[in-house]
Protein chains: 2
Amino acid sequence: MSPLTRVTLADVAASAGVSPSTASRALHGGAGVSDELAARVRAAAEGLGYRANRNARSLRRGHDEAIGVAVEDFTIPFFGRVVAVVEQAAHERGYGVVITCAGSGRSEEEAVEPLLSRSVAGLVVATGTAGAPEGYLADVARELPVVQVDAPGPSAVSDAVGIDNAAAGAQLTEHVLASGHERVLFVGSGRAASTVVLRAEGYAATMRAAGLTPRCAWLGYLPGQVPERAVRALREAGDVTAVVSGVARTTTGLVSAVRALGRRDLAVAAVDDLAGADAFDPPLTVLEQDVEDMGARAARLLFDRIGGYAGPPRHEQVALRLIQRGSGELPPPGATGAPVIPGRRRAPVA
Amino acid sequence: MSPLTRVTLADVAASAGVSPSTASRALHGGAGVSDELAARVRAAAEGLGYRANRNARSLRRGHDEAIGVAVEDFTIPFFGRVVAVVEQAAHERGYGVVITCAGSGRSEEEAVEPLLSRSVAGLVVATGTAGAPEGYLADVARELPVVQVDAPGPSAVSDAVGIDNAAAGAQLTEHVLASGHERVLFVGSGRAASTVVLRAEGYAATMRAAGLTPRCAWLGYLPGQVPERAVRALREAGDVTAVVSGVARTTTGLVSAVRALGRRDLAVAAVDDLAGADAFDPPLTVLEQDVEDMGARAARLLFDRIGGYAGPPRHEQVALRLIQRGSGELPPPGATGAPVIPGRRRAPVA
């Protein structure tokens, strides 16, 4: 933003000593504004050339700064939550936000390319779960500040923010093992999702450390297909007593499948909180990523670099929080007595 | 987009006779590209000045066209779905998309203002559920093409796309009345949400036409408060046998409250489909808005006007589809025999 060439509503409000929303009402005839106040705000707007500025807009092309945000899929709430925080942070600094989706069959490069041609001052790239081709991003990051969000881990070419994916898989697995489960299935979207593969690895390592056999089922990326594939996976793994879902994309379909099969005894624990998790029956136990903190950290790292910071790529991890709602605490069938203390291991199955 | 000054990956791909993703892999060393093909794509890129163009970018400010999209709240999947479709439509026409949120306590004007200062060619405004001050939008629409999405109805100042809100409220109400319910509660977010108020009016008119008494509860806009307020509303309306939820924002909290109160007998039907609706117990009956069609129509109306159309404000409605999953078909306690035929009214309560 160039404060010398652009007068905003906030400037008018500050000049008149009122809030921006009061200034808006005063200028546009909203309720609750006295005549005297309205006159004061109009005078401030005129003094600053607020209206003149807008009228001149179509003649004089805008040169305000913007950042670009490329997300994997806007229809997944995770990305909307990241974008909401990044947009707020950009807004506070006078930057606009230009967006693209990698969805609709576009590659990451096809999603990022339109942002580059729009002269953005930096990029937030949240397409990493589709497998970031760092060769391409390295190219971009040589020219522009870039932050990868929902990154599988540290990046060699840019700043990156994410969770400890292996630890997330391990923590949920330990949680269900602590209730006495021994036959635990991991479900995820697919092997192209590098974060989910890492969560599966954390699950598998925890199973093996407890002397148990890891089993994974990959349910795909299409919401319409997940329930059916989950039914098949649960049938094939007929003797499991607990399931760990590695990503929101597979969780609701999994819960639908558990319902469809009448498997009310099955413990379910999932990475990512869901809007409806509290309304499931039983309510869903989740390991929540601090998505808002992820967006806030991404914005901070990006504006750091836009501001001139030129150090080596940084990596920041956000916190995970286990929310025990019931589904993940169901004991295995036939279990008696108090649940096993978390952290304690049962003897491996013979 | 100015094709005379900007070379895109798509241009390179077309020139080399390959798909954009193959062109991307060829230029950046991805898998599955022969040496001969890679050389052909690089030659096409050089011939078109593709790399030179990107390198010149920071010296020569971009002048590509963009449209602005102001949404109420990016964390609500409805808006992400609209934006995904609008972004795709804009992308196909070579336009970028600049976004802002009206959330974070910003007024609609504060959300739209930063878009105006960025010289957008037109605006999609999806902040209407907070109550669009048309006085302000009229100002904007005199200068720029504007389309209101999720609009409560026709607009005097701009093109508008939405559903028939009163019909939506009426249809869901008729659906639960057809199962024999007579004491039906409507829940919605708040009276500032003009679309939800219209849905409540459709509900109330249907109740009155059946000789029944309408009752509404307003649960607010904050997800954290909705379940608790829903519990209180259900307690206060102790004898209701069915609930119609007017908007996604209140539905999951309502279902949580129904669960918390152990009211498994209560029929629930809701406007808006939810990602987890199939996993609720019972699965949730919803009246689905065709959100993707809403985004597509908004984009078409907007680019029509950007292309020069100057007729009076148009209003388009998208389809509604009732998805019967079980929760909305629960009969009232003590009901016997076949469900009442839809459209037939039972006698009013004495």
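Biologist: Which residues do ring pairs link into a cluster with Tyr203(A)?

Modeller: Happy to start there, with the reminder that this is a predicted model. Ring pairs tie three aromatic residues of chain A into one cluster, and Tyr203(A) is one of them.

Biologist: How many aromatic pairs does a search of the whole structure find?

Modeller: The search runs over all chains. Its total is 10 aromatic pairs.

Biologist: Nice. What is the angle between the planes of Phe78(A) and Phe79(A), and is each residue buried or exposed?

Modeller: Phe78(A) has 13% relative accessibility, so it falls under the 20% limit and counts as buried. Phe79(A) is buried as well, with a relative accessible area of 3%. Their ring centres are 5.1 Å apart, and the pair is edge-to-face, with an angle between the planes of 85°.

Biologist: On to chain B: why do the buried residues of helix 3 line one face of the helix?

Modeller: The buried residues of helix 3 of chain B are Leu37(B), Ala38(B), Val41(B), Ala44(B) and Ala45(B). An α-helix has 3.6 residues a turn, so residues three or four places apart point the same way. Looking down the axis of helix 3 of chain B, the buried residues line one face because they fall within an arc of 125°.

Biologist: Which exposed residues does the face turned away from the buried side of helix 3 of chain B carry?

Modeller: Helix 3 of chain B covers residues 35-48 and reaches 20 Å from its first C-alpha to its last, close to the 20 Å expected. Turned away from the buried side is a face with exposed residues. They are Asp35(B), Glu36(B), Glu46(B) and Gly47(B).

Biologist: What is the phi of Asp150(A), and where is this residue found?

Modeller: Asp150(A) sits in the loop between strand 4 (146-149) and strand 5 (159-162) of chain A. Its relative accessible area is 6%, so Asp150(A) is buried. Although Asp150(A) is not a glycine, its phi is positive, at about 60°.

How values were computed:
Residues numbered from 1 in each chain as written. Chains lettered and ligands numbered in written order. Predicted model: local features only at pLDDT ≥ 70, side-chain atom pairs only at ≥ 80, totals over all residues. Heavy atoms only, no water. Phe/Tyr/Trp six-rings, centres within 6.5 Å; stacked < 30°, edge-to-face > 60°. Buried < 20%, exposed > 50% of the residue type's maximum accessible area, 1.4 Å probe, protein only. Helix = DSSP H or I, 4+ residues; strand = E, 2+ residues; numbered from the N terminus. Expected span 1.5 Å × (residues − 1). Arc of directions from axis to C-beta.
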